Amino acid sequence: VMFCRLLSVVGRQRTSPGWQNWSSARSSTSAAEARSVALPMQAQVVICGGGIMGTSVAYHLSKMGWKDIVLLEQGRLAAGSTRFCAGILSTARHLTIEQKMADYSNKLYHQLEQETGIQTGYTRTGSVFLAQTQDRLISLKRINSKLNVIGIPSEIISPKKVAELHHLLNVHDLVGAMHVPEDAVVSSADVALALASAASQNGVQIYDRTSVLHVMVKKGQVTGVETDKGQIECQYFVNCAGQWAYELGLSNEEPVSIPLHACEHFYLLTRPLETPLQSSTPTIVDADGRIYIRNWQGGILSGGFERNPKPIFTEGKNQLEIQNLQEDWDHFEPLLSSLLRRMPELESLEIMKLVNCPETFTPDMRCIMGESPAVQGYFVLAGMNSAGLSFGGGAGKYLAEWMVHGYPSENVWELDLKRFGALQSSRTFLRHRVMEVMPLMYDLKVPRWDFQTGRQLRTSPLYDRLDAQGARWMEKHGFERPKYFVPPDKDLLALEQSKTFYKPDWFDIVESEVKCCKEAVCVIDMSSFTKFEITSTGDQALEVLQYLFSNDLDVPVGHIVHTGMLNEVGGYENDCSIARLSKRSFFMISPTDQQVHCWAWLKKHMPKDSNLLLEDVTWKYTALNLIGPRAVDVLSELSYAPMTPDHFPSLFCKEMSVGYANGIRVMSMTHTGEPGFMLYIPIEYALHVYNEVMSVGQKYGIRNAGYYALRSLRIEKFFAFWGQDINNLTTPLECGRESRVKLEKGMDFIGRDALLQQKQNGVYKRFTMFILDNHDTDLDLWPWWGEPIYRNGQYVGKTTSSAYSYSLERHVCLGFVHNFSEDTGEEQVVTADFINRGEYEIDIAGYRFQAKAKLYPVASLFTHKRRKDDMELSDLHGK
Amino acid sequence: MCVCPGPRRIGIPVRSSSLPLFSDAMPAPTQLFFPLIRNCELSRIYGTACYCHHKHLCCSSPYVTQSRLRYTPHPAYATFCRPKENWWQYTQGRRYASTPQKFYLTPPQVNSILKANEYSFKVPEFDGKNVSSILGFDSNQLPANAPIEDRRSAATCLQTRGMLLGVFDGHAGCACSQAVSERLFYYIAVSLLPHETLLEIENAVESGRALLPILQWHKHPNDYFSKEASKLYFNSLRTYWQELIDLNTGESTDIDVKEALINAFKRLDNDISLEAQVGDPNSFLNYLVLRVAFSGATACVAHVDGVDLHVANTGDSRAMLGVQEEDGSWSAVTLSNDHNAQNERELERLKLEHPKSEAKSVVKQDRLLGLLMPFRAFGDVKFKWSIDLQKRVIESGPDQLNDNEYTKFIPPNYHTPPYLTAEPEVTYHRLRPQDKFLVLATDGLWETMHRQDVVRIVGEYLTGMHHQQPIAVGGYKVTLGQMHGLLTERRTKMSSVFEDQNAATHLIRHAVGNNEFGTVDHERLSKMLSLPEELARMYRDDITIIVVQFNSHVVGAYQNQE
């Protein structure tokens, strides 16, 4: 029944494509109102949300063979943001994963009409991204490089060429543009209806005017859905509720935090031009003017992302469908000015309507997908940052793969719901943050940008102390971390001015911090690291850790082991250091943003054993990293204990007293390859220990340092960081960490089979370090991450991180090298020989720089002896 | 509205020959002397001058310049005429120079002047909930006198509930308004304290223990307290609470806020008077208490406790409630009566308090004894003490006082003192959810702006809404170009709203800069603010404003409790 009705809706719409069909859609559903359809008692999957996300997930799940699916929509299908969407499909995204999703969507929508017989209004118009400034052009060139290597055609064009592509454009203030010829426009509502129709043909049952009240959960597992029309038992629930995903997530007994928030979004519709615009007219994105412009029924459709967005529905005001919210012309004025500057001839064009359609935004401008860390079987796909149409197809596919196979075919950590915790779920935080995120859509995205809103949420007890000493802060997972310390006599540029793709203004500051780490001693507050303790009454802790981690953890008490928490395919779910505190307790240090993910993984895989205790002790310890050759002297003076390598070997952990404070966990590692110690200090002692360290350290030239110095130190030594360089599709063998895997430790561990096989077959990608050769630090564009790597002129992979090495006086990039077959493009085994016998180039915004590839770090960086002759007076200066 | 600030608060006809005495000895009274000369005439002149200039600041009519020039030979105008040359150049420049802009302040300069004294206080929230009926307040003041004679105070009562806010308009110097701004709230707070608390405080003083704090002040850094007099003031206050303790009959009764306010006002004025009569061995303090007593100040104080709003007013400052009607529009509810010649009841009161024979002289030319504009005030012992007492105090007082013509001068027809009282008129209002804010301001504001405009401007500012109706295209044929023109015009109107983070600043911007269309005219604003010190007072009075914002949720909750 549902399917027939759906087709009738679609059928009627077909007669009048585009906007006019709203009224017909409305009338057809009101006719259906009288009908009451009984919901099924149970299903395998219940999807909530009949927009493009929900229908895409249903479509892909049903294609992959899952048939027992129910899709519920509280109003009518495709009636939310999907209906009001501007209908622009654009593949020019900043993240590769987003580019891939958009590319897939493009291909999917292209053939959808053929597949379903439903008109989607798909027109390949191409799009043109304008640059008013050189910086914008650099940004576009970076995207252009990335698009090309994944096979999306695009090119950088001159203003003159822009004028040829669109005759209404004023191009006098442009420095260039990027043309993406295969981008398209499409009616998103019709796409959603087509997807729904196809899914319905594959057996998906669709019910509209049915609201999900809450999801029923038992023992951390989805058991069913409570709707206003009754209950449905199910194993999987997919929250595709768009703007209402947040509220729906909170409605559970065990709330699922889905941090997103809506902002009003405006676009303008006009009557047709005197000579109507052709339907193939390309879409224009003028990010510097904050607007987009597409042709629409011979006229134009133009909206944008203003500087001063209007957040909406903060208090969760619920509306079944987005009714036409107020048109706010005064608010639209800057965008209108911008439009008329770009297309002066439009002055005389008649206005049809100003549409106000709220869009959802997330705290980091990336969409949200994946499984809830708290509730198994609860999946989410929402928070599209106004790119729902572009991502819809691809995101739906990845989520379907995730549900069916347990993981998607691409690494989606950047989009994973588990990158957030409950700490991002405050309404106030979201409201403030999205007001920053929405303008950021069209702001220049420069390296090392930090959000300004929603800050100072989690801080170390030393925050004020460090701030007073000139600390500049960045935020990770809500935690404030020092980037570097501005000396009292130095002024840095204002925030806006410091945006650059070139050498940043903190270069000298970080240099002196790095130098101090190498020659004296620095202290870095690294309290943000995620810290877990696992203890048991018997051997359970060891047993479970041996099963979850690839390295051998059955080491003597006091030893620290670097190890990975791998998945079935041998990829890193987490990369951590584990100290054995006693026979039965372990202290686990993971990256900051692992707090939710790692916890969920451990909880999922640990046996339910009351004798096994897992505790998140992140908040209990302040972590100070003492880096440098004099760290030994500082610590031994403070503890009256010998700290030399004979007494305190590397990768060793001991509880000792520092100053007056007892019970400080001192570990001989620094996460940088430099000598030194990590101090894990119970927070009440933090200030004392810090003060003691600083006062004793004075004579050894101690100073504060920040994460930028740390990054430079670790990257020049080829240290990979999880989340940045390695992810759940990277195995230890691919990044030269065979030594951290003990395949023969006497018991099985997750991922062992995959690694054994890989060891036999060889790896298909290899983590490699590149040292840029002909790169001028002062004058050339700096590498960031995501730059394409070319071997003998062939694309082989992308960089994952980069930093300037003050010791090598060169830029160092880390990245993966693949071996694509020249004939088929298939991946082949990468050998050391393959790496070594290649000429490499790194593509930074279209400029290629020669690079030397290395599989092992530069040895000279690990020798710290300075010769007597090299000493100079400045060595006596306090740092 | 085109009212000029016009005449001074006090005008005393002094023989012009006695004028050149002033200035060096007493800083404050310099301000006094210009208008002392021939009050009525001058005010007329000022009036006309201001009238002309008010509307057309830029193109001064020759008449005005002439009318000024007519008086230049007069010795009394020595100071007054100094600015004349500037003024002349100024108008000339405006007329003939091709680049008149060079006389304008830039918008940032204007802002820095307007914002110099702004202060905002937000009632802290606990657990995301503000349980106070007050959200916070914005205050600001713009001097016309140098130094400014207005004062403001705001404080939270710590031993009782409620918040006190007040504006004080000084005349004949700032000594009295300063003293009242420091002291009055303590008198009020003490009057409100229950017997046990008073005892506890007194015992603590007696045994040298730490005292309970009574007030939490919310002050702008420029709002200073006099360190020197602090001990003296404390002793007077202590005497007051000691008397309160003694008076207590033991049966605890609910303290009536209205009564407390009246008592506090009267008591403080009494103490000011007494301190001046008794004098102080310290010559600085002695001079200070005399200056306080011989100058004057009006006071308008609000006490907000939950939904109970009391306004105690003495003089011609005003408290205005901003009420939002159901349709979103704003209306003004006056919560105080001006005590001046425009108030029939005050005229009546004065006539009743004095013999029939004085009926004609007690108020002359709309002034008390032909001199004082407000009919109630703190200080001003010249209108309170007997002639004997005045003479005795002045003679025994310091030389500076003795040399001062103003203090020595006895008002005409001075037969049955006191003519002046500090007793406030107290109004009570029970807050309703539609009562969104309260504006307390000195007459400097009210004489330039109508109360309805004041409330509308603040209301629109606080709600972020502009009275401009949102535009809807709905069916009309509008082109993008037309719409763009319309929007640009509307934005320029709006821009002044966004410049201010403080409602009081926003109000001052309008008060000083409004043109005949009721919108802020930057050119005008810039001119008004760049007037030389000596001229400023002729075009405007000191303006002091406190805007208290109420928490409708809390107020509504109170209502629902019943």
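Helix 8 (residues 230–247) and helix 9 (residues 257–278), both of chain B, have axes that come within 11 Å and cross at roughly 130°. That makes helix 8 of chain B oblique to helix 9 of chain B, where angles under 35 degrees count as roughly parallel, over 145 as roughly antiparallel, 65 to 115 as roughly perpendicular and the rest as oblique. The axes here are lines fitted to C-alpha atoms, for helices over the stretch in contact, with angles running from 0 to 180 degrees between N-to-C directions. Helices (H or I, at least four residues) and strands (E, at least two) are DSSP runs, numbered from the N terminus.

A word on provenance: this is a predicted model, in which local features need pLDDT of at least 70 and side-chain atom pairs count only at pLDDT 80 or more, while totals for chains, interfaces and linings use all residues. Residues are numbered from 1 along each chain as its sequence is written, chains are lettered from A and ligands numbered from 1 in the order in which they are written, and side-chain values use heavy atoms, with hydrogens and water left out.

Helix 8 of chain B brings B:Leu232, B:Tyr233, B:Ser236, B:Thr239, B:Tyr240 and B:Glu243 to the contact, and helix 9 of chain B brings B:Asn263, B:Ala264, B:Arg267, B:Asp271 and B:Glu275 (contact means heavy atoms within 4.5 Å).

Helix 9 of chain B also meets helix 10 (residues 283–294) of chain B, with axes that come within 8 Å and cross at roughly 135°. This crossing is left-handed. B:Ile272, B:Glu275 and B:Ala276 of helix 9 of chain B touch B:Val289, B:Leu290, B:Val292 and B:Ala293 of helix 10 of chain B.

Over in chain A, the axes of helix 17 (residues 631–639) and helix 18 (residues 686–697) come within 10 Å and cross at roughly 115°, and the crossing is right-handed.

Now for the interface. Here 16 residues of chain B are in contact with 17 residues of chain A. The two chains bury about 1500 Å² between them, 62% of it on carbon and sulfur atoms; buried area is the accessible area (1.4 Å probe) that two parts lose on being put together, summed over both. On the chain B side, B:Leu480, B:His484 and B:Leu487 lose the most area to chain A, together 42% of what that side buries.

The criterion is a side-chain nitrogen of Lys or Arg within 4 Å of a carboxyl oxygen of Asp or Glu. Two of the pairs are tabulated here.

| Salt bridge | Closest N and O atoms |
|---|---|
| B:Lys477 and A:Glu350 | 3.9 Å |
| A:Glu264 and A:Lys310 | 3.8 Å |

The pair A:Glu264 and A:Lys310 links distant parts of the chain, 46 residues apart.

The peptide bond from B:Ala146 to B:Pro147 is cis, with omega near 0°, and B:Pro147 lies in the loop between strand 2 (134–142) and strand 3 (150–157) of chain B. Another cis peptide bond joins B:Pro417 and B:Pro418. A:Arg448 has phi near 55°, a positive value in a residue other than glycine.

Technical notes
Left-handed = near helix turned anticlockwise from the far one by under 90°.
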